[in-house]
Amino acid sequence: MPFSVVRFNLVDPRATPESLSARYRAAVEMAAYADAHGVDTVQTEEHHGVANNWLPSPFAFAGAVFGATKRIAVTVSAIIGPLHDPLRLAEDIAVLDLLSGGRLVTVAGIGYRPEEYEERGVDWGRRGKLQDLLLETLLTAWTGEPFTYQGRTVRVTPRPLTQPHPMLLVGGSSKAAARRAARLGLPFFPSAHLPELEAYYRERCAEYGTEGWTMMPAEETPLLHLSEDPDRTWAEYGEHFLHEARTYASWQSKDITSAVRSTATTVEELRAEGVYRVVTPDACVALGLESLVLHPLCGGMPVEEGWRSLRLFCEGVLPRLKD
């Protein structure tokens, strides 16, 4: 059975505080519904200072999801590691790991928007060193023992539930990210289907004498929306998909590799490209993909349309894939 994902970034370019509150609460309700219907994970992410209200606080959202669910995981993919205080992040992840019974998965990347670093007063040029410091500190802090941090003795409590530590992956599309993961003995999360980078990671693991594994997107990983009438959905809601696609495209330089990179400039081009797909339940079952990523509230999608997509996915697709 394919791995199933419901993604939330809570984007809404036209939001008011009132409508955004309703969207956030609906997303938590959707997560609870997905949990009850066997979806494997909720995926969320982190971006700052974005005019369209992109979620900046994925761990706060994860806590709300955990409070409303019993079994579903939450994958934060990805945090912008160098923007976080290592000690505080160690505490936050430990608390969420305890609260959820070990259901939190954190992917730590370094990001690709210099403006996020600038507004936080973090040196873009030091991002690699800061990422090393973050990851090394997390692994040490989660032992619960005193250790030296920037010249002083510190201790992070409580210890997390998951041993030897909560699920932590290193994300990225560069050899530097693969080396970092291998050196620390952490699993690697390439941002796209990059078999050659996976092979490089395994070579570095052998060199460092560490063990690891990769969680790599499949060669084909479209973002899905379910509809009984895809033509109608594209006509009525295509601008929401295009808004997100164009936002991502505006952030990504030529050297950034992403599983959901789009070059479309119109709804028609986006539909033909296939990165975002609106499919019927029958077509979704027939896709034969390794993972199914549903994006029900994409680009400020109306909540009621998001619910229609989620219900079709959970009631019209997942039960048939179990057979």
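This is a predicted model: local features need pLDDT of at least 70, side-chain atom pairs count only at pLDDT 80 or more; totals for chains, interfaces and linings use all residues.
1. Threonine 143 sits in the loop between α5 (127–141) and β5 (147–149); helices (H or I, at least four residues) and strands (E, at least two) are DSSP runs, numbered from the N terminus. With a relative accessible area of 35%, threonine 143 is partly exposed, where buried means under 20% relative accessible area, exposed over 50%, and partly exposed in between (1.4 Å probe, protein chains only). The side chain of threonine 143 reaches the backbone oxygen of threonine 140 at 2.8 Å.

2. Residues are numbered from 1 along each chain as its sequence is written, and side-chain values use heavy atoms, with hydrogens and water left out.

3. Serine 262 belongs to the loop between α8 (230–251) and α9 (267–273). Serine 262 counts as buried, at 5% relative accessibility. Its side chain makes a polar contact with the side chain of glutamate 273 (2.6 Å); such a contact is a pair of N or O atoms within 3.5 Å, where within protein one must be able to donate a hydrogen and the other to accept it, and residues adjacent in sequence count only if both atoms are side-chain atoms. A polar atom of the serine 262 side chain also lies 3.1 Å from the backbone nitrogen of alanine 264. Not counting residues up to four places away in sequence, serine 262 touches Ala245, Ala249, Leu270 and Glu273 (contact means heavy atoms within 4.5 Å).

4. Histidine 225 is in strand β9 (residues 223–226) and is buried, with a relative accessible area of 0%. Leaving aside neighbours within four places in sequence, the contacts of histidine 225 include Thr233, Phe241, Arg277, Leu294, Met301 and Ser309.

5. The structure has 20 salt bridges, each a side-chain nitrogen of Lys or Arg within 4 Å of a carboxyl oxygen of Asp or Glu. Arginine 271 forms one with aspartate 231, the closest N and O atoms being 2.7 Å apart. This pair links distant parts of the chain, with arginine 271 in helix α9 and aspartate 231 in helix α8, 40 residues apart. Arginine 271 is partly exposed at 38%, and aspartate 231 is exposed at 51%.

6. Arginine 202 and glutamate 198 meet in another salt bridge (3.4 Å, N to O). Both lie in helix α7 (residues 195–208), four residues apart, about one turn of the helix. Arginine 202 is partly exposed at 43% relative accessibility, whereas glutamate 198 is buried at 19%. Elsewhere, Asp132, Glu136, Arg180 and Arg183 are linked in a network of salt bridges.

7. How many disulfides does the structure hold? The number is zero, a disulfide being a pair of cysteine sulfur atoms within 2.5 Å. The sulfur of cysteine 298 is 15 Å from the closest cysteine sulfur, in cysteine 284, and so too far for a bond. For cysteine 314 the closest cysteine sulfur is also in cysteine 284, at 11 Å, again too far for a bond. Cysteine 298 is buried at 0% relative accessible area, and cysteine 314 is buried at 2%.
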